[in-house]
Amino acid sequence: MKMFKMFIASLICVAMFSSMAMAEQTRGNIGFGFGTSFHKHQNAMLKTAGMNYFRLYLKAEEGVYYFLHNESGSFMVDEGDEDANAQKSAEAIGMSMDLGMFNLDVLVGSATVKVAGSNVNGLIGADNTAADLNSTDPFAELAVRYSYVKNNASLDLNFAYRYHTLKREIYLEDANGNDDSINDLSSINLSVGISYMF
């Protein structure tokens with residue numbers, strides 16, 4: 001009778017481990033994610049950016065994924081009585097580590113910022129209008145992500161800090177006529193997205 005109980009216990013253990021192995025296989029080695037994010041810039045003269053992003057995930061090992069990140073969007077620059085339109089796009093590579101309830105995401109890449117009608121480095125165009133800014137610079141981001149997983153799909157909530165400075169300064173005039181310059185586009189980011197693993 002004792003041998004029979006041990007046999008049943010062994011069968012239960014084997015079934016548990018095999019179901020766990022099958023569950024790991026269904027998580028997939030490749031996937032994609034997309035969503036929207038809001039970048040709250042640290043400088044008050046830079047309005048919140050609305051960005052759309054896309055990611056391609058590649059599994060490196062259990063609990064670790066590498067991904068390609070691409071995003072684009074726009075924000076406004078406060079130039080006193082008027083706002084200048086700014087476009088921002090970024091490409092990066094990243095790594096995501098599973099920490100149990102949360103994931104830690106690290107991104108490194110480059111971002112291009114284009115601002116129409118900004119007085120860059122005090123340069124004025126031939127028609128006495130302000131020169132435009134077009135600058136591509138490196139950035140780094142550290143994020144904590146929570147994912148609600150259902151089968152192979154997940155709803156992702158992401159909170160991040162991005163460090164991003166420009167090589168060229170944007171010279172601005174505030175509503176009171178005071179001159180100011182900005183080259184720090186660092187931001188606190190909040191993202192909502194959906195991902196799916198094959």
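Reply: Happy to! One definition before we begin: a strand here is a DSSP run of E with at least two residues, and strands are numbered from the N terminus. By that numbering, Thr-136 falls in strand S7, which spans residues 133–150. Please keep in mind that the model is predicted.

Me: Is Gly-73 buried or exposed?
Reply: Gly-73 sits in strand S3, residues 64–79. Its relative accessibility is 16%. Buried means under 20%, so Gly-73 counts as buried.

Me: Which residue has its C-alpha atom 6.9 Å from that of Gly-73?
Reply: Beyond four places in sequence, Gly-73 touches residues including Gly-50 and Met-51, as well as Ala-86, Gln-87 and Lys-88. The residue you ask about lies 24 positions from Gly-73 along the chain.

Me: Now to Thr-136: which side chain does a polar contact of 2.8 Å join to it?
Reply: Thr-136 is partly exposed, at 40% relative accessible area. Leaving out residues up to four places away in sequence, Thr-136 touches Ser-110, Ala-111, Thr-112 and Lys-167. The polar contact of 2.8 Å links the side chain of Thr-136 to that of Thr-112.

Me: And how far apart in space are Thr-136 and Ser-110, C-alpha to C-alpha?
Reply: Ser-110 is among the residues that Thr-136 touches. The two are 26 residues apart in sequence, and their C-alpha separation is 6.6 Å.

Methods:
Residues numbered from 1 in each chain as written. Predicted model: local features only at pLDDT ≥ 70, side-chain atom pairs only at ≥ 80, totals over all residues. Heavy atoms only, no water. Helix = DSSP H or I, 4+ residues; strand = E, 2+ residues; numbered from the N terminus. Buried < 20%, exposed > 50% of the residue type's maximum accessible area, 1.4 Å probe, protein only. Contact = heavy atoms within 4.5 Å. Polar contact = N/O pair within 3.5 Å; in protein donor to acceptor, adjacent residues only side chain to side chain.
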